[in-house]
Amino acid sequence: MEARQCNAPLSWSRRLARPMCCFQPQHRGLGFLVMAQWRTLVDAALDSQSSGHDRAAAQDALLLLLQQRNISINDIVLHLGPCLTSTDFLVRSKGMTFLGEMVARLHSTRLEEHVVHSLALFFTARIEDSACLHGALLGCNSLHKRAKDVGEVAAQDAVQVIKTVKWLDMQSLAQQDRLLCFELLVTLVERHPSEVGTLGTDLVTGAAQLIEGEKDPRCLLLAFRLVERLGSLFPDPKGPLAQAAPDLFDIIACYFPISFKLRPNDSKDISREDLIASLKSAFAASSFFASECIPLLLEKLSSSVQDSKLQSLEFLGDCAVAYGERVMDEYARPIWVALKAELFPHLTSFYSESGKLQDPEVFRAATICLTQCVKASLSHSDPDGGQFLRLILDDEICSHLLQYLTRKATIADAQEKHHMQTVGQVLSAAARASPLSSNIISATILPAFLSNKTCSDAHVLGVVVSVLTAIREVAVEQVSLLCDIQWLDRVFSSLTKLLLIFSDNLKSASMNEAITAICVSGLQCVATFPGYLSSLSEAQVYEFVSHLLELVLDKGKYANSWDQAVQAVASICATEDQLSSSTGSASVRIVQGLVQAAFLEESDAKSLMAAITRISRSSCSARDLFFSELQRHLLPLNIESVAAKHHLLIPLFSGEFLALYEDDIERGHAPALQFSMQLWSSFQSLPLDIDIPEEILIPWMDLVRTAVSMCDLSGQEAVVLKSYDILCSRCSKDHDTMDGKQAWLIAVWSSTAVAMRPNIQLLQDEKIIQLLLKTSLEVQSSAVSEYIAQALASILNKWPTTSYPLDGVVQNVLDELRAFGTDTPRLVSILAWIAKALAMRGDNKVALVAGILIEILRQGKGALYADGDGEDSMIRRAAAKALGVIVGDAKALNKRHFATVQPLYTQRFFHSFLPPLLHALRDAPDNVSRVWLIRGFSHLIVNVPTTAVLMEGNKVFPLLLEALSNAEDSDTLLGNLLILSAFLMDEKSKGAVIDRIGLVINCLVELVQYQHSTAVRETALQCLGAIVSLPFASIYPSSRKVLKTLHRALDDPKRSVRNEAAHCYQAWWIK
């Protein structure tokens, strides 16, 4: 026994009572230098004269020594002995805080059990010392949160901590200490429930004393959590919580309702929602609170403050579910009376006592609360489902409804209509509670409704649809949980009759929008019941689907119900998709009906393709079926189909429908490959000399681009090979004698080239380039020519570095263009696309092409050839627009079509192109050449990021002012104005504006009167308003002119311009 006492670890209080010379460091091999070092670090960390950074650095160094086991926590405690036993209040506080912080930082470091035990006893004992309280709580918190694998505190030590803490005068402590106290208690109750539970009444009353009077929101979060844990710790009806429940609830009830508002500069992560959720969990912690809680919530529910009502309803629903059936039976009637008062303020009136409309948020919260109360009160042993549900069904609101269900009558009174709608929402909320409540409510409502087959009032039908929708939601949830749905047998036996009633009412509704909307919802609800469609025959499915399709097919007649009908059809297809591995009969009928109608001459192709796309988003099976049907109708192409409405459907098919497969890569490759191969087979069968108009050919080209771009690498290789074989076999081998009617096939093939991936090698690359170049120059349609030029640019952009050098290819293309012999806008367009392709891949050859465009702007016709005979202004205009094409967005050269795009290529091109452009402007031979160069510059900067333009502000700004005075079209002018507004808003660029403020104001004054664009006038006025922020001395000379112009702008025919002029006038007048 004596030996055992010698080996047992000494408590820290006993150790510190012994002379310090009796204790030697545990690590006897530790060098003198290390010993001196760590003691110096401890002293530095305690030195109040040191900076916070130095003290933190000392603690970090000590932590490293502790983790490396060069010293132990015992050594630090022994060294702190004089501080911890000092009679000076501040010295003890500083020493204990330091020790608590060091222990906290060792939370993941392994400590021996006897060390942890000694520390726990030491910190617990020091809690009673007010000077050491903060450090002791910090240490206790850290120790009791330690994981088992690094050494945890024994459970019996937790009991002693609680016994010590409960005697604290909580409200006299600082906020940090109170927070640590609550955090410690929650940790102990959660980690050692059985040991802490032995304290019984002492624990509950102690917790109540500590919580009472607390005001800090962070402490309250933990206090409410502590109450919640006490509820689960003492469930016994004769236990300590049951006896102290009234007193404890009175303490936490004073915080209801929560009205906390976060301070603007509060960095703590806490919100009002956190407090509400925590208090709600505390209220619902134990059914022992029910006798105090429910009367309080019902009292607060009668408040006229919206927030109080909302919180009361939210708390009441959650507490009802937590308290259970026994409590709900006791308070069922007062709860129903209170909820009824919120749901039906005057039963047949939709006005509240204050004369305002019923608050929709309160109504929504009341219905949610009703659902929770029904769920809480349900009893499977009671055939009526429990007392609360019985009160609802026995109420006058249900008897009133049953009268309308069993007779043919139409509700005319507005208040009565609103009342009936509310009844439907209340019953549907009750039905959502559980399968049992759904079954009971359906047994009450459906027989009465089915007995009156002539019911045609929209509001009565709406009640039935609301209830059915709620029941269906419960059924779908049960199916997803793999639960038995035999309780639906009664509802299933009525669904077919309901289907007929809704179908008949929809058929006879004619133009009654209200009945049409309700019947569409009813058909959607019935048809989407789990497993119901599979029980119907094809004839039954065909009949009710036909009624919905009638609405979808005629958007003009049923404009208000069209969206709802499309959504209903989409839901039906989605339901079949989820519950069946194969395509259901309803989906087949829907797909066939819509696709057949889409190809009729009198149909609205755009609305039908929109409906097809929406339905396909909801159902993968329907999407694949739509794809097959559309493909069957579109292909094979023939001469008759060229003249049909294919050119209307193809853009919609490629732009909307095929885009759905781009989001589903795994399912998209195979259909795209199949469609592309069949499409080229159709092209092969068409006569080569067929005359295909531009409005038909371009949609085909877009369709080919989209379909081929969706194929994977192997699929694209197959498509490119097949299309190339067809092109070679059908086109003339001699390009010089090529028949012009072959152009449509070359144009379609060019779309395949645009969509191919860079690592696909084209056969005979140079011959392909020559063919595309010649066709683009000679084809009749300018739009088709541009499409082919884009294909040529795409090939150059994706040109492999391992094959023939790109510089040589580009030079050959330029030589071919020179050999053409005439300057034309089409030739300039080809140059633009070539320059864009080179700029995107970062090729230096772009400078050569851009230089040619500058020369065209300077010289006009003859810039490329000495004897050019093109139209001068047309060629220069094309060159100006070409600069915008180079840096603008394009639907052909982009990442969707696998183009090579270097980062920031537009900025790099702009910065490299600006010097030669400025040089050309300085050397412009005449004013006309300068104007065209400025117009080219205006097209360029519109598509360049504004930040890049602002970087060259001093060089660009004078040209920008010239561009504003020489712009040809409104769109470019508006883009230049937006850049000017960026100069006005950028602090670094305002210097350039101030230097030329007179020119800027004169330019804007002219643009305020620009008659061709409202947007230009508005933007000019906004720029004038921004100028007011410039120094007064710089703008004062022009103020009279500006005010005179603004005065005229106040009479502008457009309201938006007048409003902007008024704001600007006021700003200038005050200035």
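These legends walk through several close-up views of a predicted model, beginning with the whole chain.

The model is predicted, so local features are given where pLDDT is at least 70, side-chain atom pairs count only at pLDDT 80 or more, and totals for chains, interfaces and linings use all residues. Residues are numbered from 1 along each chain as its sequence is written, and side-chain values use heavy atoms, with hydrogens and water left out.

**Overview. A protein with 56 helices and 0 strands.**
Helices (H or I, at least four residues) and strands (E, at least two) are DSSP runs, numbered from the N terminus. Of the 1071 residues in the protein, 55% are buried, where buried means under 20% relative accessible area, exposed means over 50%, and partly exposed lies in between (1.4 Å probe, protein chains only). Contact is counted for heavy atoms within 4.5 Å. Looking at contacts between residues at least 6 apart in sequence, 75% join residues at least 24 apart.

**View 1. Helix H14 meets helix H15.**
Here H14 (residues 217–233) and H15 (residues 240–253) have axes that come within 12 Å and cross at roughly 160°. That makes H14 roughly antiparallel to H15. Axes are lines fitted to C-alpha atoms, for helices over the stretch in contact, and angles run from 0 to 180 degrees between N-to-C directions. Angles under 35 degrees count as roughly parallel, over 145 as roughly antiparallel, 65 to 115 as roughly perpendicular and the rest as oblique. The crossing of H14 and H15 is left-handed; that word applies if the near helix is turned anticlockwise from the far one by less than a right angle, while clockwise gives right-handed. On the H14 side you will find Phe224, Val227, Leu230 and Gly231, and they meet Leu241, Leu248 and Ile252 in H15. By class, this contact of H14 with H15 has 6 nonpolar, 1 polar and no charged residues. Ala, Val, Leu, Ile, Met, Phe, Trp, Tyr, Cys and Pro count as nonpolar, Asp, Glu, Lys and Arg as charged, and the others, Gly among them, as polar.

**View 2. Helix H13 packs with H15.**
The axes of H13 (residues 201–211) and H15 are 10 Å apart, at an angle of about 5°. That makes H13 roughly parallel to H15. Thr201, Val204, Ala208 and Ile211 in H13 meet Pro240, Leu241, Ala244, Leu248 and Ile251 in H15. This contact of H13 with H15 holds 8 nonpolar residues, 1 polar and no charged.

**View 3. Helices H40 and H42 in a right-handed crossing.**
H40 (residues 765–778) and H42 (residues 806–820) pack at an angle of about 35°, with their axes 11 Å apart. From H40, the contact uses Glu766, Ile769, Gln770, Leu773 and Leu777; from H42, Val809, Asn812, Val813, Glu816, Leu817 and Phe820. The residues of the contact of H40 with H42 divide into 7 nonpolar, 2 polar and 2 charged.

**View 4. Aromatic rings in pairs and in a cluster.**
A pair of aromatic rings is described by the distance of the centres and the angle of the planes. Rings of Phe, Tyr and Trp (its six-membered ring) pair if their centres lie within 6.5 Å; planes under 30 degrees apart count as stacked, over 60 as edge-to-face and the rest as tilted. The whole structure has 17 aromatic pairs. The rings of Trp680 and Phe683 have centres 5.2 Å apart and planes at 80°, so the pair is edge-to-face. Both residues lie in helix H36 (residues 665–685), 3 residues apart, and both Trp680 and Phe683 are buried. Tyr1065 and Trp1069 form a stacked pair, 6.3 Å centre to centre with 5° between the planes. Tyr1065 is partly exposed at 22% relative accessibility, and Trp1069 is exposed at 61%. Elsewhere, Phe249, Phe256, Phe283, Phe289 and Phe315 form one aromatic cluster.

**View 5. Tyr532 in the loop between H27 and H28.**
Tyr532 lies between helix H27 (513–527) and helix H28 (538–553), and is buried at 2% relative accessibility. Leaving aside its neighbours within four places in sequence, Tyr532 contacts Phe492, Leu495, Thr496, Leu499 and Val526. The C-alpha atoms of Tyr532 and Phe492 are separated by 7.4 Å, and the two residues are 40 apart along the chain.
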